[in-house]
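Here is a short tour to read with the model open beside you. Please have your viewer ready, and we will go from the overall picture to a few individual residues.

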Amino acid sequence: MDLEEISYVTLFLLIWHQNIMLQLANNQRKTRRWWVRPVNRRKRQQGFLNNLFREIRSTDHEEFFTYTRLYPEQYRTLLELVTPYLTKCSIRKPLSPDTRLAITLTYLAQGDSVVTKHLEYRVGRSTVYKIIPEVCHAIWLALQPIVLPVLNAEKWKKISEEFFLKWQFPNCVGALDGRHMQIQAPPCSGSQFYNYKGYFSIVLMALCDANYKFTWVDIGQYGSISDGGVWSQTNLAADLESNAADLPESTPLPERDIPFPHVIVADEAFLLKPYLMRPFPRRVKRMTDEERIFNYRLSRARLCIENTFGILASRWRILHRNLSCSVENAEHIFKALVCLHNFAMSTNNNGRYCQPEHLYVETDEGRSFEDRWHGIGVGEYFKQLSRVGPNRAGALSLGLRNYLKEYFVSPTGNAQAPWQFDRAFKESYINLIA
């Protein structure tokens, strides 16, 4: 062998030796100081769950609601639903579904940090990081078929009847809006999640009924996508565009003979469509009286989604902070919050979860009452989508909106909300829509 061949053999042997040593190092089991930190070893005797948590659950229901946003009977029902998804088999005794659910609910309701939960429940910090997204995913799997089912024509029709009864807007099947949910900048994401407001976010697009409950949500789209693009990329928008959403058949407005389609009400962030009504352009000096009346009646119906977002953000204070987790885990948290909101609203004990004085509402006489949600300091992390540019709607969409505009100022439409002229032409309202 010449010197060149010997050098190649030597190099091959060196590389082979290094690979062997690396494999031995990787296979060598790392020694741990302890399986459980000393402070966590007595969690069954001195942990928060086995002491104060269970005490307030059995003796002080109001305090338990303040801490978890659920009453004890609601908590037990939820625990039964999620237990099949949280049961684990392991050589070492796993944490019970009760413990895992309690940690997650208190984390979401109080907006605490993982370190706080780790110390309260005497559970490992890394364990808490794993528990929260797992339980949130379990909540979505357990509650979504119950509190957020797929809508059909019969359910759409029932929502429409409630909207007309409570908000005097005929043939309305929901109020639509979106919110930017602030998250920590995902690694190697560039500007995908960076929105025009100057922070990183994912979008929560939601539709609600007349009772402040979500009926459809889309969670996880990039915060950098244009506002019209967020809605257009959702499955519901595609179904509505292709007439596959199973909406009820067109029904004449009260005391009218011409069939009118069922529509969704939204603000200026959405394009005018035959199935989606948005206000007239906010040019106050050039708006006609009929357009102002239409904008008032539409904004009155849109109070539902504004109140729904307000209740959600106030009750679950995790929305008051920037979520420092992966995008996937953030989606699990937001999905769980939507389901928990509907679950609590469905069993609203004596109006405790949604108190009437906390809502921005108008009485039958047209008097309005300001809500307290706007003063809770969530604007930094829970902002509305922006307005879109020119609205190039088709002739059919414009014709439907004009027909509805004329109906609202007719004797029939005016009789449904006789205070509308006073409200629409008040200086405060004109400034509000300006």
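## Overall picture

The protein has 17 helices and 10 strands; helices (H or I, at least four residues) and strands (E, at least two) are DSSP runs, numbered from the N terminus. Of its 434 residues, 49% count as buried, where buried means under 20% relative accessible area, exposed over 50% and partly exposed in between (1.4 Å probe, protein chains only). Among contacts (heavy atoms within 4.5 Å) with a separation of 6 or more, 68% are between residues 24 or more positions apart.

A word on how to read this: the model is predicted, so local features need pLDDT of at least 70 and side-chain atom pairs count only at pLDDT 80 or more, while totals for chains, interfaces and linings use all residues. Residues are numbered from 1 along each chain as its sequence is written, and side-chain values use heavy atoms, with hydrogens and water left out.

After the helix comes R69, with a positive phi near 70°.

Two rings can pair here: those of Phe, Tyr and Trp (its six-membered ring) do so if their centres lie within 6.5 Å, with planes under 30 degrees apart counted as stacked, over 60 as edge-to-face and the rest as tilted. The count comes to 15 aromatic pairs by this rule. One of them is F64 with Y75, an edge-to-face pair at 5.6 Å centre to centre and 90° between the planes. This pair links distant parts of the chain, since F64 is in helix α4 and Y75 in helix α5 (residues 72–86), 11 residues apart. F64 is buried at a relative accessible area of 0%, and Y75 is buried with a value of 0% too. F65 and Y71 form a stacked pair, because their ring centres are 5.1 Å apart and their planes at 25°; both residues are buried.

## An enclosed helix

Helix α6 (residues 97–110) has 14 residues and reaches 20 Å from its first C-alpha to its last, close to the 20 Å expected at 1.5 Å a residue. That expected span is 1.5 Å times one less than the number of residues. Because 13 of its 14 residues are buried, α6 is largely enclosed by the rest of the structure. Just after the helix, G111 takes a positive phi of about 70°.

## A buried glutamate

E291 is found in helix α12 (residues 289–315). E291 is buried yet has no salt bridge, meaning a side-chain nitrogen of Lys or Arg within 4 Å of a carboxyl oxygen of Asp or Glu. The nearest side chain of opposite charge is K405, 4.9 Å away; Lys and Arg count as positive and Asp and Glu as negative, with His and the chain ends not counted.

Leaving aside neighbours within four places in sequence, E291 is in contact with F280, R286 and K405. F280 also belongs to an aromatic cluster with F169, F294, Y407 and F408.

## A tyrosine in a loop

Y275 is found in the loop between β6 (263–265) and β7 (276–277), and counts as buried at 10% relative accessibility. Y275 and V263 are 12 residues apart in sequence and 4.4 Å apart in space, C-alpha to C-alpha. Not counting residues up to four places away in sequence, Y275 touches W231, A237, L240, E241, H262, V263 and I264.
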